[in-house]
Amino acid sequence: MSMLDIDALDVWFGRDRGRVDAVRQASFIAAAGESFGLVGESGSGKSTILRAITGLAPTWSGKIAVKGHAIGQRRPKAFYKQVQMVFQDPYASLHPRHSVDAVLGETLHLHGFRDIDARVVKLLDDVGLGQKFRFRYPHQLSGGQRQRVAIARALAPEPELLLLDEPTSALDVSVQAEILNLLADLRQEHGLTYLMVSHDLSVVGHMCDRLAVMKDGEIVEIMDVAALRAMKATHPYSQHLLQASV
Amino acid sequence: MDHLLDVENLWVRFPTRQGIFDAVRGVSFTLGRERLGIVGESGSGKSMTGRAILRLIRPPGQVEADHIKLDGVDLMQKSEKDMRDVRGERISMVMQDPKFSLNPVMTIGDQIIEAYRLHNRVSKSIAWTKALEMLEAVSIRDPDRVMRAYPHEMSGGMGQRIMIAMMLIPNPEILIADEPTSALDVSVQRQVLDIMDKLVKERGMGLIFISHDLNLVADFCDRVLIMYAGRIVEVCDADKLHDAQHPYTRGLLNSLPRLDAPRDRLEVLTRDPAWSEAPSVSGRV
């Protein structure tokens with residue numbers, strides 16, 4: 001069954017003469033349990049697709065369906081229990097004056113959980129941070145630890161689909177390896193579906209099963225990772241991208 | 001081999017509430033007319049090394065060194081006023097993000113002309129032609145329009161090329177590039193590197209290329225210093241980087257995902273406290 005079904009998605013910003021079409025006629029399907037990658041250069045619209053799914057880019061048309069339920073302009077609360085997002089910059093995505101405990105506790109509270117205390121402990125263990133980080137503030141954490149907190153926050157409502165917007169591009173390669181391993185483990189443990197945006201083809205090659213290559217707001221090619229590894233891209237732009245990244 | 005730059009026992013210290021923090025600890029290296037890469041994780045002191053050479057570290061930070069010799073003249077002994085003649089004219093620096101290093105309320109033309117006229121007493125019209133030539137040299141199409149444009153009208157790749165043009169127009173002997181391509185897309189990255197490479201070769205400049213990207217450095221530089229916790233742990237030729245010996249370098253290389261060698265799990269770096277204790281390896285030739 002498909003976890004995420006996107007069909008003829010258009011996303012635009014501005015109006016009349018100032019209108020910019022950030023995404024044009026994008027269509028793809030991510031199966032349940034799959035890890036699907038979106039690659040392309042900056043400005044190609046890959047992050048915009050994620051933002052349209054979560055409702056951060058309100059001007060869109062076409063079809064976005066999660067588990068077969070099409071999404072309208074207003075998303076029900078249940079949607080946010082199913083779909084969560086991890087942002088690129090762990091330095092910007094955590095409130096500087098909220099402790100880790102407050103960040104996770106608030107999310108749990110908003111989603112109506114009762115046993116918040118036990119769940120915060122469990123979440124921290126899940127992302128490999130442990131108890132001693134519970135009452136720290138973001139400035140007391142390294143970049144990798146912050147990204148772990150951001151992942152824990154995304155996992156708090158027990159989602160099925162996780163949207164990952166360049167989750168490791170702000171991190172060192174050694175820390176990137178830790179986070180990618182963590183994401184792979186979590187996907188297996190919780191049976192998650194990933195939609196991952198990255199400009200780094202080798203990261204997508206490592207994490208994903210299939211990927212879509214985007215250029216100027218359009219998906220130019222969808223291929224599986226075996227084809228990517230064998231350098232068998234069919235569209236000239238994806239070939240160019242592959243050559244530039246090895 | 002003649003050395004453009006000779007750094008001996010460089011230390012950078014910052015006093016903190018928990019005592020003195022050593023960001024760079026006793027680093028020595030020389031630079032000839034070559035491309036020298038400095039790699040390491042964030043916090044390893046690679047950017048601080050670049051800034052310390054130009055004495056750009058502000059109090060309360062302290063720079064100490066036995067000497068930092070530029071063509072035999074010790075920069076450590078120079079007054080702040082004399083340092084201004086060094087910065088830009090003899091050693092220039094390209095920073096990571098063009099968005100933060102270009103003046104947002106000045107046209108690009110005015111900024112490049114300012115950089116040129118600071119070091120050369122020429123009329124504005126000659127400076128304008130020089131600036132146009134420089135923009136052409138960094139492969140900017142339609143330089144006339146770019147001269148009159150403001151930085152926000154430029155893309156990241158163009159901004160970085162403009163930065164390189166501005167830094168090279170006084171014709172320095174040494175260019176320090178601090179993560180010049182990290183904010184750029186892979187395809188643009190290549191272009192910017194090619195331009196930098198061409199200019200450095202043509203003018204016989206020395207280049208210090210600071211980056212966290214091992215593959216890029218292995219590809220682009222002649223010699224590489226690998227830094228960890230403020231010290232140089234290994235020095236090697238760039239084309240032999242993939243055969244590096246030090247466990248830290250090996251760990252960094254192995255933690256990279258690779259398209260041609262898929263793995264279920266990536267190797268995670270296990271840090272040995274002995275790495276930061278061991279004395280700095282000298283990068284002198």
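Let us begin with the open sheet in chain A, whose four strands follow the order β2-β1-β4-β5 with antiparallel pairing. Strands here are DSSP runs of E with at least two residues, helices are runs of H or I with at least four residues, and both are numbered from the N terminus. Two strands pair if DSSP finds at least two bridges between them. In general, strands of a sheet pair through backbone hydrogen bonds, either parallel or antiparallel.

Please note that this is a predicted model, in which local features need pLDDT of at least 70 and side-chain atom pairs count only at pLDDT 80 or more, while totals for chains, interfaces and linings use all residues. Residues are numbered from 1 along each chain as its sequence is written, and chains are lettered from A and ligands numbered from 1 in the order in which they are written.

Across β1 (2-13), β2 and β4 of chain A lies helix α1 (residues 46-54), running at about 75 degrees to β2(A). Such angles run from 0 to 180 degrees between N-to-C directions, with axes fitted to C-alpha atoms, for helices over the stretch in contact.

Turning to chain A as a whole, there are nine helices and ten strands. Buried residues make up 43% of its 246 residues; a residue is buried if 20 or more other C-beta atoms, placed from the backbone, lie within 10 Å of its own, exposed if 12 or fewer, and partly exposed in between.

Let us now consider chain B. Which residues of helix α10 (residues 247-254) are buried? They are Tyr248(B), Thr249(B) and Leu252(B). The buried residues of α10(B) pack against α6 (173-190) of chain A, together with α9 (214-220), β10 (223-228), β11 (231-237) and α11 (273-277) of chain B. Contact requires C-beta atoms, placed from the backbone, within 7 Å.

Finally, chain B is divided into domain 1 (1-90 + 179-285) and domain 2 (97-171), with bounds from an automatic or database domain assignment. Their contact takes twelve residues from domain 1 of chain B and 15 residues from domain 2 of chain B.

Key. Contact = placed C-beta atoms within 7 Å.
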